[in-house]
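Please read the numbered points with the sequence and the coordinates to hand.

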Amino acid sequence: QAQLVESGGNSVPAGGSLRLSCAASRDGNRRYFMAWFRQAPGKEREGVAGLYRVGGRTYYADSVKGRFTISQDNAKTTTYLQMDTLEPEDSGMYYCASAPTVLTGTTWRRLSEYTSWGQGTQVSVSS
């Protein structure tokens, strides 16, 4: 399984920006799909953005469309989440995850599809 390590979380005021990074190692060719999830205290973990590594197709939760961008580096070992115009509702622990299959707009948010998870990085947005 892939080993995923997130970084880039921080505390910012509303309207600010952050870029999260997810470095992958020891995975070989099993990371067909990458995604970012987040979890606020007392709430369920939810999908924020997903990326099909080979085709580059992206998916976003409605709440972040137009504000967040998921991407990967040329070596396809690091996945990024650029977050702009942050809102207090964006606060939470952000997790990177990888799936060994090609996911679709219907399935990418299912936690059960992902076989590797990072430890999370905290994002706090103050009003």
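**Notes on the predicted model**

1. Cysteine 22 and cysteine 96 are joined by a disulfide, with 2.0 Å between their sulfur atoms. The model is a predicted one, and the count of disulfides in it comes to 1. The link between cysteine 22 and cysteine 96 is left-handed, with a value of -75° about the S-S bond. This pair connects distant parts of the chain: cysteine 22 belongs to strand S3 (residues 18-25) and cysteine 96 to strand S9 (residues 92-99), 74 residues apart.

2. The cut-off behind both assignments is a relative accessible area under 20%.

3. The whole structure contains 6 salt bridges. One of the salt bridges is formed by arginine 38 and glutamate 46, whose closest N and O atoms lie 2.7 Å apart. Arginine 38 is buried, at a relative accessible area of 7%, whereas glutamate 46 is partly exposed, at 38%.

4. Arginine 38 also meets the side chain of aspartate 90 in a salt bridge, at 2.9 Å from N to O. The two residues come from distant parts of the chain, 52 residues apart: arginine 38 is in strand S4 (residues 33-39), and aspartate 90 is in the loop between strand S8 (78-83) and S9. Aspartate 90 is buried, because its relative accessible area is 1% and the cut-off for burial is under 20%.

5. The side chain of aspartate 90 makes a polar contact with the side chain of arginine 67, at 2.8 Å. The side chain of aspartate 90 also reaches the backbone nitrogen of glutamate 87, at 2.8 Å. When residues up to four places away in sequence are left out, aspartate 90 touches Arg38, Val64, Arg67, Phe68, Thr85, Val123 and Val125.

6. Threonine 85, one of the residues that aspartate 90 touches, is likewise found in the loop between S8 and S9. What is the phi value of threonine 85? Phi is near 45°, a positive value in a residue other than glycine.

7. Aspartate 62 is exposed, having a relative accessible area of 61%. The cut-off for this assignment is a relative accessible area over 50%.

8. Tyrosine 59 lies in strand S6 (residues 58-60). Tyrosine 59 counts as buried, at 14% relative accessibility. Which residues does tyrosine 59 touch, not counting residues up to four places away in sequence? The contacts are Phe33, Val48, Ala49, Gly50, Leu103, Thr104, Gly105 and Trp108. Tyrosine 59 and tyrosine 95 are 36 residues apart along the chain, and their C-alpha atoms are separated by 16 Å.

9. On the surface, a nonpolar patch is formed by Tyr32, Val54 and Val102, which together have about 270 Å² of accessible area. Valine 102 is placed in the loop between S9 and strand S10 (116-117).

Definitions and conventions:
Residues numbered from 1 in each chain as written. Predicted model: local features only at pLDDT ≥ 70, side-chain atom pairs only at ≥ 80, totals over all residues. Heavy atoms only, no water. Disulfide = S-S within 2.5 Å. Helix = DSSP H or I, 4+ residues; strand = E, 2+ residues; numbered from the N terminus. Salt bridge = Lys/Arg side-chain N within 4 Å of Asp/Glu carboxyl O. Buried < 20%, exposed > 50% of the residue type's maximum accessible area, 1.4 Å probe, protein only. Polar contact = N/O pair within 3.5 Å; in protein donor to acceptor, adjacent residues only side chain to side chain. Contact = heavy atoms within 4.5 Å. Patch = residues over 30% accessible without salt bridge, like charges linked within 9 Å, V, L, I, M, F, W, Y side chains within 5 Å. Areas by Shrake-Rupley, 256 points an atom, 1.4 Å probe, with all protein chains shown as cover.
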